[in-house]
Amino acid sequence: MIKKGRLQQVTLLWDFMRGNRVLYAGSIAAIGLATGFGLLAPLVLRATIDSIIGDKPLSETLIWLRRLIESAGGKEVLVRNLWMCSLTVIALAIAEGVFQYLKGRWSAIAAESTAQHIRDRVYDHLQHLHYNYHVNAETGDLIQRCTSDVDTIRQFLAVQFVEVGRALFIIVTVIPLMFALDQRMALVTMAIIPIIFGFAYLFFLKVQKVFQASDEAEGRMSTVLQENLSGVRVVRAFTRQVYEIEKFDQTNQDYRDTTYRLIRLLAVYWLVSAFLGMTQFGIVLICGAYWAAKGLISLGTLVVFIAYVDQIIRPVRQMGRVLTDMGKALVALKRIQEILAEPTESVEQAQTKPPIHGNLEFRNVSFEYEPGKPVLQDISFRIQSGQTVAILGPTGSGKTALVHLLARLYDYQQGSITLDGVELKEIDKHWLRKHVGLVLQEPFLFSKTVKENIRLARNNTQDAEIFDAARMASLHEVILQFEQGYETAVGEKGVTLSGGQKQRMAIARTLIRHCPILIFDDSLSAVDTETDAVIRHAIRSRNYATTFMISHRIATLAEADLILVLDGGRLVQAGSHAELIRQEGLYRRIWTIQSELEDELTQEMALPEHPQNVEDLGVRFYTPESLHRQHCEV
Ligand SMILES: Nc1ncnc2c1ncn2[C@@H]1O[C@H](COP(=O)(O)OP(=O)(O)OP(=O)(O)O)[C@@H](O)[C@H]1O
């Protein structure tokens with residue numbers, strides 16, 4: 001009985017084959033015809049040996065062969081023109097070749113098209129999965145599923161799938177034909193076939209597990225490789241090369257070992273099945289020769305059975321390979337099915353698309369990523385459209401979580417958030433995200449030009465608008481200094497740019513969207529204090545958006561209309577800068593430390609013997625915010 005999981009995979013494969021099923025059917029028909037022509041040639045030889053060269057009556061040959069012989073002028077004509085028999089055999093071989101070619105061509109086209117269809121579908125599904133899925137997914141493993149797993153399915157469909165058609169064709173044609181020719185010889189020809197088939201099936205069961213292990217080992221190796229390449233700068237900075245090399249070596253070795261096991265198993269399979277096949281051949285030869293010598297079968301019949309034993313053994317031996325590749329394809333299908341089974345971001349019915357101005361109210365909002373582990377608890381505050389809210393708090397206090405809720409990247413479990421009076425959960429997610437500009441903590445730049453990277457947020461943005469946004473992000477002058485200006489290519493993740501430049505580019509990219517709600521998640525951390533102020537003022541003077549600003553730098557937060565101080569997921573303080581420095585609490589403590597450090601720094605820089613270059617003072621390393629982080633983490 002087919003297991004439920006396997007049935008689902010077969011159903012999925014059938015679904016993937018949609019649009020190409022006629023081609024698959026065509027290629028199965030072609031392989032059937034090719035096999036058919038291959039089977040006819042020995043029959044022509046038999047008639048030639050037994051009834052044209054020999055003296056067996058024509059009545060003993062198959063009816064259609066008799067007709068063919070008669071239409072060619074009968075035995076007398078053919079015995080003088082044996083080349084006609086040879087020509088028939090050659091014509092049959094050509095016909096077999098043509099249909100083999102058609103089978104190969106059609107199945108390859110269908111398989112390529114199916115693979116394209118699978119990749120499209122998986123990619124499309126990945127685009128619609130929940131944000132959290134991508135946060136937790138291993139990119140290397142996902143890439144492997146979208147590429148090498150799809151290729152495994154493609155190979156199975158292109159080569160082995162139609163082989164099943166050949167095997168079926170042989171079962172329904174050759175076996176009855178053999179019994180019609182000679183029952184004893186037919187039984188002898190099939191004596192070992194069940195053993196070969198049983199062995200192929202056992203091998204399939206064994207090898208399937210090894211294939212899965214090999215596939216998983218490859219996935220682990222790809223993940224290590226991908227993570228290492230993405231984080232190569234961290235690896236270098238922490239001189240972790242040796243550790244990373246050892247880690248890669250380990251996964252690489254695991255992959256090699258499982259692949260070795262696989263190769264060993266395959267080698268054993270081909271060896272044993274070849275031995276069984278040759279034994280079967282030997283039995284046919286010995287019995288056939290013995291019965292032919294005794295006159296129980298004709299020489300032509302012996303030739304036919306010698307040809308047929310090979311015709312049968314080849315696909316039966318191949319069955320092991322077919323089943324193995326099918327096992328591999330089923331494993332690959334299972335891994336693809338796992339992605340497709342992941343629920344996409346729910347597209348709730350009757351979601352509203354209200355005009356968005358940016359008046360927000362949080363009422364007793366609580367949120368957890370995982371059940372039982374609250375990240376935000378009982379958060380309440382209210383802000384008007386166009387106001388700026390600053391969020392301060394120790395690492396892990398829930399600042400990012402709070403702004404994630406605003407874009408509905410996650411939904412809160414308790415309380416209520418209203419945007420312009422409408423409950424946030426009732427607003428269409430895509431509509432909301434169109435109106436919320438989120439600059440992430442770690443900006444990602446694509447391997448495109450500077451201009452393309454900024455335009456990414458809005459396709460039809462005019463150059464003038466891009467320049468304007470870059471000016472607001474204090475980036476325009478910097479870009480103009482690049483050799484090719486806005487046409488400069490930035491590598492994957494913008495390796496040619498500094499951290500601050502990347503952050504400013506991400507800001508410019510968000511600004512061109514003119515969203516009524518803007519969120520800067522610690523997006524100015526790599527920018528120096530002065531540029532930070534310039535950017536903030538430019539944004540404030542030109543934008544009327546409700547702005548959320550997460551930062552560890554008091555100078556960045558001080559001008560906000562409302563400052564929220566989070567600690568352990570709770571809102572411990574809220575108010576303006578003036579109000580908060582009058583209160584005992586986290587905000588005043590951080591402000592005091594940062595102010596003292598700033599003063600010390602100013603004094604030191606004023607001393608003539610000290611270098612004037614801020615970088616030389618190591619200021620980036622000892623900035624108030626880095627000390628604040630240490631303070632907050634205590
Ligand atoms: N996808 C996630 N799944 C489960 N837990 C998460 C997830 N993302 C964050 N967390 C946890 O939620 C808590 C709050 O994280 P959050 O990123 O909001 O903190 P933060 O205040 O922004 O910190 P930082 O200043 O370091 O950016 C942390 O304990 C973090 O480990």
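Threonine 388 touches Thr547, Met549, Ala560 and Asp561, leaving aside residues up to four places away in sequence; two residues are in contact if their C-beta atoms, placed from the backbone, lie within 7 Å. The model is predicted: local features need pLDDT of at least 70, side-chain atom pairs count only at pLDDT 80 or more, and totals for chains, interfaces and linings use all residues. Residues are numbered from 1 along each chain as its sequence is written. Helices (H or I, at least four residues) and strands (E, at least two) are DSSP runs, numbered from the N terminus.

**Threonine 388**

- Threonine 388 belongs to strand 3, residues 388-392.
- This threonine is buried because 22 other C-beta atoms lie within 10 Å. A residue is buried if 20 or more other C-beta atoms lie within 10 Å of its own, exposed if 12 or fewer, and partly exposed in between, with C-beta atoms placed from the backbone.
- Lysine 434 is 46 residues from threonine 388 along the chain, and 19 Å separate their C-alpha atoms.

**Ligand shell**

- There are 14 residues around the ligand, and Tyr369, Thr395, Lys399, Thr400 and Ala401 come nearest. A residue is near a molecule or strand if its C-beta atom, placed from the backbone, lies within 6 Å of it.
- Two or more residues of the shell come from each of helix 6 (131-136), strand 1 (360-370) and helix 13 (399-406).
- Helix 13 gives the most, with three residues.
- The shell around the ligand has four nonpolar, eight polar and two charged residues. Ala, Val, Leu, Ile, Met, Phe, Trp, Tyr, Cys and Pro count as nonpolar, Asp, Glu, Lys and Arg as charged, and the others, Gly among them, as polar.

**Helix 2 with helix 7**

- Two packed helices are described by the angle between their axes and the distance between the axes. Axes are lines fitted to C-alpha atoms, for helices over the stretch in contact, and angles run from 0 to 180 degrees between N-to-C directions.
- Helix 2 (residues 21-53) packs on helix 7 (residues 139-181) at an angle of about 45°, and their axes are 9 Å apart.
- Helix 2 is therefore oblique to helix 7. Angles under 35 degrees count as roughly parallel, over 145 as roughly antiparallel, 65 to 115 as roughly perpendicular and the rest as oblique.
- The crossing of helix 2 and helix 7 is right-handed. A crossing is left-handed if the near helix is turned anticlockwise from the far one by less than a right angle, and right-handed if clockwise.
- On helix 2 the contact involves Ser27, Ile28, Ile31, Gly32, Thr35, Gly36 and Leu39, which meet Val162, Gly165, Arg166, Phe169, Ile170, Thr173 and Val174 of helix 7.
- By class, the residues of this contact are seven nonpolar, six polar and one charged.

**Helix 9 and its partners**

- Helix 9 (residues 193-230) and helix 11 (residues 241-293) cross at roughly 165°, and their axes come within 9 Å.
- Helix 9 and helix 11 are therefore roughly antiparallel, and their crossing is left-handed.
- The contact of helix 9 with helix 11 holds 21 nonpolar, nine polar and seven charged residues.
- With helix 12 (residues 299-341), helix 9 packs at an angle of about 25°, the axes being 8 Å apart.
- Helix 9 is therefore roughly parallel to helix 12, and the crossing of the two is right-handed.
- Residues making this contact include Ile193, Ile196 and Phe197 of helix 9 and Ile312, Val316 and Arg317 of helix 12.
- The contact of helix 9 with helix 12 has 14 nonpolar, five polar and three charged residues.

- Lysine 209 lies in helix 9 and counts as exposed, with 12 C-beta neighbours inside 10 Å.
- Phenylalanine 275 sits in helix 11 and is exposed, with 11 other C-beta atoms within 10 Å.
- Phenylalanine 275 and isoleucine 196 are 79 residues apart along the chain, and their C-alpha atoms are separated by 9.8 Å.

**Positive phi values**

- Most residues other than glycine have a negative phi.
- Asparagine 364, in strand 1, has a positive phi near 50°. Asparagine 364 is exposed, with 12 other C-beta atoms within 10 Å.
- Aspartate 420 also has a positive phi, of about 50°, although it is not a glycine. Aspartate 420 is in the loop between strand 4 (414-419) and strand 5 (422-423), and is partly exposed, with 15 other C-beta atoms within 10 Å.
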